[in-house]
Amino acid sequence: MPVIHTHVSVPTTPEQREALKAAYGKAITAVPGKSEGWLMCPFETICRFTSVVAMTSRRLCGSQRVRRSVPGSAWEKLTESIMAALNSTLGIPEDRTYIRYTATTDWG
């Protein structure tokens, strides 16, 4: 079950969060075996960063071995899609977007 947790330094509307969720849903298909139907998208807005910035963390159930089995091109495509969605929806520049990918075996 993938999770894309988004922290942004700007306020968002419900419509913007829905637009991001839809964009993330399309983007997650770049990762083999993942789909929008299982995607969770928590949002935290107006986070206290020093400038306009977005930070997302993308979590994947499974071990680091599972994460490493995904081709690098899939992570690159996912990164590009997330950055483009944040830029077009919230105006956050791509060079002010940070994405962390992790896998977890401890999931209930």
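# Close-up views of a predicted chain

Of the 108 residues of the chain, 38% count as buried, where buried means under 20% relative accessible area, exposed over 50%, and partly exposed in between (1.4 Å probe, protein chains only). The model is predicted: local features need pLDDT of at least 70, side-chain atom pairs count only at pLDDT 80 or more, and totals for chains, interfaces and linings use all residues. Residues are numbered from 1 along each chain as its sequence is written, and side-chain values use heavy atoms, with hydrogens and water left out.

**View 1. The order of helices and strands.** The chain has 3 helices and 4 strands. Read from the N terminus, its elements run β-α-β-β-α-α-β. Helices (H or I, at least four residues) and strands (E, at least two) are DSSP runs, numbered from the N terminus. Among the chain's contacts with a separation of 6 or more, 80% are between residues 24 or more positions apart; contact means heavy atoms within 4.5 Å.

**View 2. Histidine 5 and its polar contact.** Histidine 5 is part of strand β1, residues 3-8. Its relative accessibility is 16%, so histidine 5 counts as buried. The side chains of histidine 5 and glutamate 44 are joined by a polar contact of 2.8 Å. A polar contact is a pair of N or O atoms within 3.5 Å; within protein, one must be able to donate a hydrogen and the other to accept it, and residues adjacent in sequence count only if both atoms are side-chain atoms.

**View 3. The largest nonpolar core.** This core has 21 residues, and those with the most contacts inside it are Val8, Tyr24, Leu78, Leu86 and Leu90. At least two residues of this core come from each of β1, α1 (14-27) and α3 (72-90). The most come from α3, which gives 7 residues. A nonpolar core is a set of buried Ala, Val, Leu, Ile, Met, Phe, Trp, Tyr and Cys residues joined through side-chain atoms within 4.5 Å. Not counting residues up to four places away in sequence, valine 8 touches Glu44, Thr45, Ile46, Cys47, Phe49, Val53, Ala54, Leu86, Leu90 and Ile92.

View 4. The 14 residues of α1 should span 20 Å at 1.5 Å a residue, and its end C-alpha atoms are 20 Å apart, which agrees. The expected span of a helix is 1.5 Å times one less than its number of residues. Leu20, Tyr24, Gly25 and Ala27 are buried in α1. These residues cover an arc of only 160° around the axis, which puts them on the same side of α1; the arc is that of the directions from the helix axis to the C-beta atoms. On the face of α1 turned away from its buried side are the exposed residues Glu15, Glu18 and Lys26. An α-helix has 3.6 residues a turn, so residues three or four places apart point the same way.

View 5. With 19 residues, α3 reaches 27 Å from its first C-alpha to its last, close to the 27 Å expected at 1.5 Å a residue. Its buried residues are Ala74, Trp75, Leu78, Ile82, Met83, Ala85, Leu86 and Leu90. Seen down the axis of α3, these fall within an arc of 160°, so they line one face of the helix. The face of α3 turned away from its buried side carries the exposed residues Ser73, Glu76, Lys77, Glu80 and Ser88. After α3 comes glycine 91, with a positive phi near 75°.

**View 6. The aromatic pairs.** The count comes to 2 aromatic pairs. Rings of Phe, Tyr and Trp (its six-membered ring) pair if their centres lie within 6.5 Å; planes under 30 degrees apart count as stacked, over 60 as edge-to-face and the rest as tilted. Tyrosine 24 and phenylalanine 43 form a stacked pair, 6.2 Å centre to centre with 20° between the planes. This pair links distant parts of the chain, 19 residues apart: tyrosine 24 is in helix α1 and phenylalanine 43 in strand β2 (residues 43-44). Tyrosine 24 counts as buried at 0% relative accessibility, whereas phenylalanine 43 counts as partly exposed at 22%. Tryptophan 75 and tyrosine 101 form a tilted pair, 5.0 Å centre to centre with 50° between the planes. Tryptophan 75 lies in helix α3 and tyrosine 101 in strand β4 (residues 97-104), so this pair ties together parts that are 26 residues apart in sequence.
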